[in-house]
Amino acid sequence: MDEERALYIVRAGEAGAIERVLRDYSDKHRATFKFESTDEDKRKKLCEGIFKVLVKDIPTTCQVSCLEVLRILSRDKKVLVPVTTKENMQILLRLAKLNESDDSLEKMSEFPVIVESLKCLCNIVFNSQMAQQLSLELNLAAKLCNLLRKCKDRKFISDIKCFDLRLLFLLSLLHTDIRSQLRYELQGLALLTQILESAFSIKWTDEYESAIDRNGPPLSPQETDCAIEALKALFNVTVDSWKAHKESDSHQFRVMAAVLRHCLLIVGPTEDKTEELHSNAVNLLSNVPVSCLDVLICPLTHEETAQEATTLDELPNDKPAEKETVLKNNTMVYNGMNMEAIHVLLNFMEKRIDKGSSYREGLTPVLSLLTECSRAHRNIRKFLKDQVLPPLRDVTNRPEVGSTVRNKLVRLMTHVDLGVKQIAAEFLFVLCKERVDSLLKYTGYGNAAGLLAARGLLAGGRGDNWYSEDEDTDTEEYKNAKPNINLITGHLEEPMPNPIDEMTEEQKEYEAMKLVNMLDKLSRPCH
């Protein structure tokens, strides 16, 4: 009945009545995602009627009502088959200001029309293969990039940017050819990186360093959503970059990595939004060539160095142990380098472990990223080694028992998911400089057997990669306990009592004779 009434009014052609009936329909079906098949033909005709209205000269408010209903109806794939035509797509492109002839975004009254048109295009492109083909024919990716450039430094149009970026993400997800076009022809890597810079309001203090306002407000919901959509689109554009990239691209990748470092050090409006933002940043960092990830750490500024020195100077000189504790507790600094971003990644990884589910999708990207960073960059590896595998002191518990990051990672080494246990073991192996004896010290032979068997290192040795020759230093507690550590379980075991000590002389003689008889039977030839 709703479709019949709306269709009747739409065909009648009076703008005010059309706006009212479509607004009522939109309010009623705003949360509708499943439709009755019996009304399918009516919905198709309503879509066709709306497109006919949209080509007319009607008020902006009526255009918005038409587009809202079209967005709702476009959730149904079957309805889109007859209405997805080149002519109808061009109508939406015109309303979304995606035609090259539209040079500016000056009229704020048109913004709701642009946003609703982009929403409709997102639904139609996602649900219709014909629309996906027409997107290529109409060069939609180039039009979207052109609109982004108009939006780049403009305020109050974050919704336009957000849905433009979402549509760009969908296109690059559904068409691999568009990824190459975005990357090279449309300069999408630089454009999308600039969109992120704008969303984060980045102020550069050096070529690859940005100022972090630690007392500033969190990102707004609109800025966060824009950033997330840009990160997703950039992921598609750079999905194969870690395999091969031109040397001339290194600067652009370093700029992007520096922007992502800034992203990791800021927060969104809610904890969930912050995690989503950081999750997409981690995914994108996995596409950055590992040689360009050195910008994730940077030398301490003069202010940070002075603050650290002041803290140490406040302690008496006769308390070196306390000074050492202060240095150890300053988990953001290592070897004169600011490690905040790496520390955020480590905390992010631990939170994903604590969730206890969806390890393959949620945990493996950050574990892979930390592994490759550690393999390629010495300072990052040594910092993570200090955080994850500090010098052993208490070895009374098994390595997999406890609540430290090390305990959690060792538990993952025997996880049922092969991919999860492989990357967890690989991470710890790299932190140990791919030395078998060092790995076994922290994990025990039983937990490490799978990795060692896969690499042909069950007999010991080390992996293929080269690492610095600095040696690990064992604590006195570990040195004292080492002779009694069970190499299989990796923990200290109390010496087992000798059963002979409790026997009488007669029992000892009896057991000795039993052993002689057994050996005699074994030595007899078989007949």
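Q: At what angle do H7 and helix H8 pack?
A: This is a predicted model. In it, H7 and helix H8 (residues 129–137) pack at about 110°, and their axes are 5 Å apart.

Q: Why are H7 and H8 called roughly perpendicular to each other?
A: Angles of 65 to 115 degrees count as roughly perpendicular. The angle here is about 110°. H7 and H8 are therefore roughly perpendicular to each other.

Q: Which residues make the contact between H7 and H8?
A: H7 brings Ile124, Val125, Phe126 and Asn127. H8 brings Gln129, Ala131, Gln132 and Ser135.

Q: How many residues does the largest nonpolar core have, and which have the most contacts inside it?
A: The largest nonpolar core has 151 residues. Leu118, Phe200, Met349 and Leu409 have the most contacts inside it. Helix H7 (residues 111–127) gives the most to this core, with 10 residues. Domain 1 (1–138) and domain 2 (332–465) each supply at least three residues to this core.

Q: What does Methionine 349 touch, not counting residues up to four places away in sequence?
A: Methionine 349 touches Leu363, Val366, Leu367, Leu370, Val405, Leu409 and Phe427.

Q: What is the mean pLDDT of the protein chain?
A: The mean is 86, and 89% of the residues reach 70 or more. The scale is the predictor's confidence, from 0 to 100.

Q: Which elements have the lowest and the highest mean pLDDT?
A: Helix H17 (residues 320–329) has the lowest, 48. Helix H15 (residues 271–285) has the highest, 96. Over residues 323–329 the pLDDT is below 50. That stretch has 10 contacts in the model beyond near neighbours in sequence.

Terms used
Residues are numbered from 1 along each chain as its sequence is written. This is a predicted model: local features need pLDDT of at least 70, side-chain atom pairs count only at pLDDT 80 or more; totals for chains, interfaces and linings use all residues. Side-chain values use heavy atoms; hydrogens and water are left out. A nonpolar core is a set of buried Ala, Val, Leu, Ile, Met, Phe, Trp, Tyr and Cys residues joined through side-chain atoms within 4.5 Å. Buried means under 20% relative accessible area, exposed over 50%, partly exposed in between (1.4 Å probe, protein chains only). Helices (H or I, at least four residues) and strands (E, at least two) are DSSP runs, numbered from the N terminus. Domain bounds come from an automatic or database domain assignment. Contact means heavy atoms within 4.5 Å. Axes are lines fitted to C-alpha atoms, for helices over the stretch in contact, and angles run from 0 to 180 degrees between N-to-C directions. Angles under 35 degrees count as roughly parallel, over 145 as roughly antiparallel, 65 to 115 as roughly perpendicular and the rest as oblique.
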